[in-house]
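I opened a new notebook page for this one. Here is what I looked up, in the order I went through it.

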Amino acid sequence: MRRRGLVLRLWTHSCSGVLLSAINDLIKPRAVIGIEINEEPCKLARGILGSIYSSTEVICGDAFKIAWNYKADIIVSNPPFVRWHLVHNRDEVLKAIVSRGYGGS
């Protein structure tokens, strides 16, 4: 399988990092970055994955703020459940996503 560049995995509940591990094993990317907002699961995933893979980084923080600093080849995401109709700045969010090369046609 062709080795990809950067895989950015956004998931607000990564728990122990099982999905990050699967990405490393199946896709064989140059790097995988996981972002977890909750400190305890973040530390758990960081500890487990750091002992197995040298190409995996787990960042503790808000994916909606941190992810914009990266340009990824693939994004695997399990975003928080949001009632889209209650998001007041939907147009701003969509423009930000499209302006960074994601979405759109």
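**Layout.** I started with the secondary structure and found 4 helices and 4 strands. Helices here are DSSP runs of H or I with at least four residues, strands are runs of E with at least two, and both are numbered from the N terminus. Going along the sequence, I read the pattern β-α-β-α-β-α-β-α.

**Ground rules.** I'm working with a predicted model, where local features need pLDDT of at least 70, side-chain atom pairs count only at pLDDT 80 or more, and totals for chains, interfaces and linings use all residues. Residues are numbered from 1 along each chain as its sequence is written, and side-chain values use heavy atoms, with hydrogens and water left out.

**Whole chain.** The chain has 105 residues, and 33% of them are buried. Buried means under 20% relative accessible area, exposed means over 50%, and partly exposed is in between (1.4 Å probe, protein chains only). I also looked at contacts, meaning heavy atoms within 4.5 Å. Of those with a separation of 6 or more, 73% join residues 24 or more positions apart.

**Core.** Which residues make up the largest nonpolar core? I listed 9: Leu-20, Ile-23, Ile-27, Val-32, Cys-42, Ala-45, Leu-49, Tyr-53 and Val-58. Helices α1 (18-27) and α2 (39-52) each give this core at least two residues. Another core, of 6 residues, lies apart from it and includes Ile-35, Ile-59, Ala-63 and Ala-67. By core I mean buried Ala, Val, Leu, Ile, Met, Phe, Trp, Tyr and Cys residues joined through side-chain atoms within 4.5 Å. In soluble globular proteins, nonpolar side chains tend to be buried together.

**Around Cys-42 and Glu-36.** Setting aside neighbours within four places in sequence, I found Cys-42 in contact with Glu-36, Val-58, Ile-59 and Cys-60. Glu-36 sits in strand β2 (residues 31-36). Is Glu-36 buried or exposed? Glu-36 counts as buried because its relative accessibility is 0%. A polar atom of the Glu-36 side chain is 2.8 Å from the backbone nitrogen of Asn-38.

**Thr-56.** I placed Thr-56 in strand β3 (residues 56-60). At 12% relative accessible area, Thr-56 is buried. Not counting residues up to four places away in sequence, Thr-56 touches Leu-20, Asn-24, Val-32 and Leu-49.

I counted 1 salt bridge in the structure, meaning a side-chain nitrogen of Lys or Arg within 4 Å of a carboxyl oxygen of Asp or Glu. Glu-39 and Lys-43 form a salt bridge, with their closest N and O atoms 2.9 Å apart. These two are 4 residues apart in helix α2, so about one helical turn separates them. Glu-39 is partly exposed at 48%, and Lys-43 is partly exposed at 45%. Ser-51 is also in helix α2, and it is exposed at 60%. The Ser-51 side chain reaches the backbone oxygen of Ile-48 at 2.7 Å.

**Surface.** Last, I noted a nonpolar surface patch of Trp-68, Trp-84, Leu-94, Ile-97 and Val-98, with about 440 Å² of accessible area together. Patch residues have over 30% relative accessible area and no salt bridge; like charges are joined within 9 Å, nonpolar side chains (Val, Leu, Ile, Met, Phe, Trp, Tyr) within 5 Å. Val-98 is in helix α4 (residues 90-99) and is partly exposed at 48%.

Methods:
A polar contact is a pair of N or O atoms within 3.5 Å; within protein, one must be able to donate a hydrogen and the other to accept it, and residues adjacent in sequence count only if both atoms are side-chain atoms. Accessible areas come from the Shrake-Rupley method with a 1.4 Å probe; for residues, only the protein chains shown count as cover.
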